[in-house]
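Here is a short tour of one protein chain. Have the sequence and the 3D view open as you read.

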Amino acid sequence: MTYGASDFQMTERQCADIISPLRVLKRIGNNIQNTVLKCKHKDTKLIEHVRGIVRKELEHQNSDQTGKPDYALESTGAYIISTRQTEPYCKALMLFGIPLCGFSTGPNALIQPGVMPGECWAFKGQTGTAVIRLITKIYVTGVTVEHISRSISPSGQTNSAPKLFSIWGLHSPDDKEGFFFGQYIYDTNGAALQYFPVVHKCLHMFDIIEFKVHSNHGHRDYTCIYRLRVHGDLEGNLAAISGHDLPENFDRL
């Protein structure tokens, strides 16, 4: 296999995207260290406080970048139940004039940690649905949607990213109504990883979530979903709220 100049340029962009935040952390660390060294008395409490800040930041970077458990992660037991009538997209390759389907990742990519170019669930058009079985029942508090940044996109564009989407809680895979947690817009001008808290809170626990994509950012042929994280509480916070304390956007089901 031979590689062209463009392949190496792509690799350089990918490396830059990974190395950049590490350089920022190093620079922050150096600044903190210099600040501590300039303190005349080198206050022990100050040093321990700074160490705590650095330790917390490193833990955050190592905790899936969100600092929140992901109950839709495949490696911990979650899985895709169905994609309804969503039609998968795969780029056609021609062999002796016969169209063949090229390599395409399935909907499982949605709940896997890989987010390099191509490691996504691609489906035809701008609308698609994924029904996910979580690892356990939770009080859903929000979701995180992630897409690649323009800096590592082979085309330099991210118009295949989802735009308008909604999150639903289902009582069963065949539930036709479900509970509407909210409708959101993924902003391609924002961070690659974006968190969306539930708009309508519910005192009912769910272990089945439906992720509906209603539009993308302009790509006519297909939509790519890189990763969806589902966050929530296992017990306590929501269940402890009594009826008269419920805000207007709560629903008991």
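Asp 207 is buried, because its relative accessible area is 16% and the cut-off for buried is under 20%. The model is a predicted one. Asp 207 belongs to strand S10.

Which residues does Asp 207 contact, leaving aside neighbours within four places in sequence? They are Ile 132, Arg 133, Leu 134, Thr 136 and Lys 137. With Arg 133 there is also a polar contact between the side chains, at 3.4 Å. Leu 170 is 37 residues from Asp 207 in sequence. In space, the C-alpha atoms of Asp 207 and Leu 170 are 7.8 Å apart.

Strand S10 covers residues 206-213, and strand S11 covers 222-225. Ser 215 sits in the loop between these strands. Is Ser 215 buried or exposed? Ser 215 has 15% relative accessibility, so this residue counts as buried.

Ser 215 touches Gln 126, Pro 162, Lys 163 and Leu 164. That list leaves out residues up to four places away in sequence.

## Aromatic pairs

The model has ten aromatic pairs. One of them joins Phe 179 and Phe 206. This pair is stacked, with 6.4 Å centre to centre and 25° between the planes. Phe 179 lies in strand S7, residues 179-185, and Phe 206 lies in strand S10, so the pair ties together parts that are 27 residues apart in sequence. Both Phe 179 and Phe 206 are buried.

Tyr 184 and Phe 196 make another aromatic pair, and this pair is tilted. The ring centres are 5.4 Å apart, with 50° between the planes. Tyr 184 is in strand S7 and Phe 196 is in strand S8, residues 193-197. Twelve residues separate Tyr 184 and Phe 196, and the pair links distant parts of the chain. Tyr 184 counts as buried because its relative accessibility is 9%. Phe 196 is buried too, with a relative accessible area of 9%.

## A cluster, and charges over rings

Which residues form one aromatic cluster with Tyr 184 and Phe 196? Phe 165 and Phe 211 do.

The charged end of Lys 68 sits over the ring of Tyr 195, at 4.8 Å from the ring centre. The charged end of Lys 212 sits over the ring of Trp 168, and here the distance to the centre is 4.6 Å.

Methods. Residues are numbered from 1 along each chain as its sequence is written. This is a predicted model: local features need pLDDT of at least 70, side-chain atom pairs count only at pLDDT 80 or more; totals for chains, interfaces and linings use all residues. Side-chain values use heavy atoms; hydrogens and water are left out. Helices (H or I, at least four residues) and strands (E, at least two) are DSSP runs, numbered from the N terminus. Buried means under 20% relative accessible area, exposed over 50%, partly exposed in between (1.4 Å probe, protein chains only). Contact means heavy atoms within 4.5 Å. A polar contact is a pair of N or O atoms within 3.5 Å; within protein, one must be able to donate a hydrogen and the other to accept it, and residues adjacent in sequence count only if both atoms are side-chain atoms. Rings of Phe, Tyr and Trp (its six-membered ring) pair if their centres lie within 6.5 Å; planes under 30 degrees apart count as stacked, over 60 as edge-to-face and the rest as tilted. A charge sits over a ring if NZ of Lys or CZ of Arg is within 6 Å of the ring centre and within 35 degrees of the ring normal.
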